[in-house]
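Me: I would like to go through this structure with you, one topic at a time. Could we begin with the terms and then turn to the details?

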Amino acid sequence: MTGKQQKHPTFQYAFSLLLLFLLATPALRAQDWVKTGTNLGVQRIRIAAADFKVASGDPQTVPLRATFDTVLFNDLKNAGVFDMVAKSMAPEATPGSPQEINLGQWAAAPSNAQMVVFGGFSVDGGRINVRGFVFDTHNADSPQILGKQYSDTANDENARQIAHRFADEIITQLGGGIAGICETKIYYVARSGDGNKEIWAMDYDGNDPHQITHLGTISLSPRVSPDNSRLAFSSLGRSGWTIRMYSLVLNRMVNFNAPGGTTLSPAWTSDSSKIAYSSSVSGDPEIYSSDASGGSAHRITAFRGPDVSPTWNPKSNSQIAWVSGRTGLPQIYIMDSDGANVMRMTDGGYATSPSWSPNGQFLAFAWNRKYGPGAPGGQDIYIMDIASKRWTQLTHDAGRNDFPSWSPDGRHIVFQREDDNGAQIWSMLADGTEQQQLTHRGNNSMPNWSWK
């Protein structure tokens with residue numbers, strides 16, 4: 001939302017609860033730049049992805065093969081574990097089978113590939129057929145690392161999905177056994193021309209954006225369940241802000257027993273059994289938890305000042321991080337899931353939108369460390385090692401960055417970046433490199449990465 005856009009008064013109130021308010025200029029102690037080791041802890045594998053060999057004369061083969069080749073190359077490039085051989089450095093040959101590949105050509109300069117991905121692509125009887133291989137160029141006696149076959153109805157979307165599936169197999173095999181993310185989705189908020197905001201979804205790389213909800217109101221903070229069956233979000237209705245639930249299996253809204261008051265920012269446990277959220281039913285916005293249908297709700301926090309934006313430790317489900325205004329400006333805290341052992345994590349400024357890494361070791365969040373009247377600070381994405389409270393700044397001098405969300409492999413973060421032209425969704429590796437814009441039209445915000 002830019003300064004040129006008219007703010008809905010109720011929305012403005014709810015958003016102020018999310019971000020909290022009050023002005024202060026607390027002093028900040030210096031922090032060292034820290035390496036997190038979240039994604040690039042091992043040497044990257046130099047890998048080449050050959051163009052797949054056309055293996056049929058069907059007119060659909062060439063364009064669908066081009067889609068497959070492009071998506072497969074980009075998926076491997078985006079993985080964060082490979083050093084990709086540029087297409088211009090690869091041998092001209094397009095081997096379609098193990099009998100046709102010359103490993104020496106791929107191992108030699110200029111490609112210098114350790115691994116090579118290749119195979120055959122055909123369309124027969126209206127179906128795509130793919131045979132894909134990964135070979136170790138330095139193991140002539142037993143070079144095959146992976147061999148897969150895929151078949152599906154011949155269309156562009158299925159060519160993309162087969163490429164995603166094969167890329168995930170390669171990433172899992174060569175990336176330390178951590179599952180790839182190429183088949184995951186990103187859920188987000190998109191503003192329509194009439195000023196309403198609906199929940200949308202897209203592929204992890206920004207392709208295939210499509211609308212999920214059609215409620216004709218303002219909906220925020222989408223959170224997909226770990227089993228990919230339900231989508232919880234906050235929505236503005238006749239009685240104010242409440243949490244609503246959408247079934248991704250039934251493709252329709254389903255019941256959620258939300259409490260009264262302004263109820264915002266849902267968050268799932270990693271087993272999909274519980275939801276935490278913020279509700280003002282008792283007066284001050286506090287953190288509550290309930291079962292997946294909203295039953296058995298109980299209050300966790302009881303602090304003066306608003307408490308919002310909970311996120312569970314997905315490794316154990318025994319801790320919750322959240323944003324509290326108990327000391328003035330919003331800060332990040334963690335506590336046990338029953339409210340015990342509260343610990344403040346940030347040391348000043350204006351900190352919001354925590355997201356807990358899949359391994360339970362790190363928090364990503366938005367932080368304006370020099371917030372205050374006349375301060376030169378900006379809002380950026382940071383990650384913090386929970387045990388040491390040491391942090392790393394990931395974004396620098398590029399718009400107002402907010403709402404980070406971890407990928408399920410822990411190697412990537414998706415986030416919102418806003419400037420004078422509006423808000424868009426971006427992704428990056430978890431060390432802040434390889435930043436790329438995923439959405440380009442309209443205003444898109446509050447991304448949430450699916451768990452699988």
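Reply: Helices (H or I, at least four residues) and strands (E, at least two) are runs assigned by DSSP and numbered from the N terminus. This is a predicted model, in which local features need pLDDT of at least 70 and side-chain atom pairs count only at pLDDT 80 or more, while totals for chains, interfaces and linings use all residues. Residues are numbered from 1 along each chain as its sequence is written, and side-chain values use heavy atoms, with hydrogens and water left out.

Me: How many cavities of 30 Å³ or more does the structure hold?

Reply: There are 4 of them. On a 1 Å grid over the protein atoms alone, a cavity is a set of points where a 1.4 Å probe fits but cannot get out; a pocket is an open set with protein on both sides within 12 Å along at least five of seven lines, and lining residues have an atom within 4 Å of a point. Grid points are joined across faces, edges and corners, and a volume is the space filled by probe spheres set on the points.

Me: What is the volume of the largest cavity, and which residues are closest to its centre?

Reply: The largest cavity has a volume of about 140 Å³. It is lined by 13 residues, and N78, H412, S427, E434 and Q436 are the closest to its centre. Helix 2 (61-78) and strand 28 (422-429) are the elements that give two or more residues to this lining.

Me: Which element gives the most to that lining?

Reply: Strand 28 does, with 3 residues. By class, the lining of the largest cavity has 4 nonpolar, 5 polar and 4 charged residues. Here Ala, Val, Leu, Ile, Met, Phe, Trp, Tyr, Cys and Pro count as nonpolar, Asp, Glu, Lys and Arg as charged, and the others, Gly among them, as polar.

Me: Is strand 27 mostly covered or mostly uncovered?

Reply: Strand 27 (residues 412-419) is mostly covered, with 7 of its 8 residues buried. Buried means under 20% relative accessible area, exposed over 50%, and partly exposed in between (1.4 Å probe, protein chains only). Strand 27 also pairs with strand 26 in the antiparallel sense, over 5 bridges, and W406 stands opposite I413 in strand 27. That hairpin has 5 residues between its strands, and G410 in the turn has a positive phi of about 70°.

Me: Changing topic: what lines the second largest pocket?

Reply: The second largest pocket, with a volume of about 590 Å³, is lined by 31 residues, and T311, S355, S405, N448 and W451 lie nearest its centre. Among the elements that give two or more residues to the lining are strand 14 (263-268) and strand 26 (400-406). The lining has 19 nonpolar, 11 polar and 1 charged residues.

Me: Lastly, why does S324 count as buried?

Reply: S324 counts as buried because its relative accessibility is 0%.

Note on methods:
Pairing = 2+ DSSP bridges.
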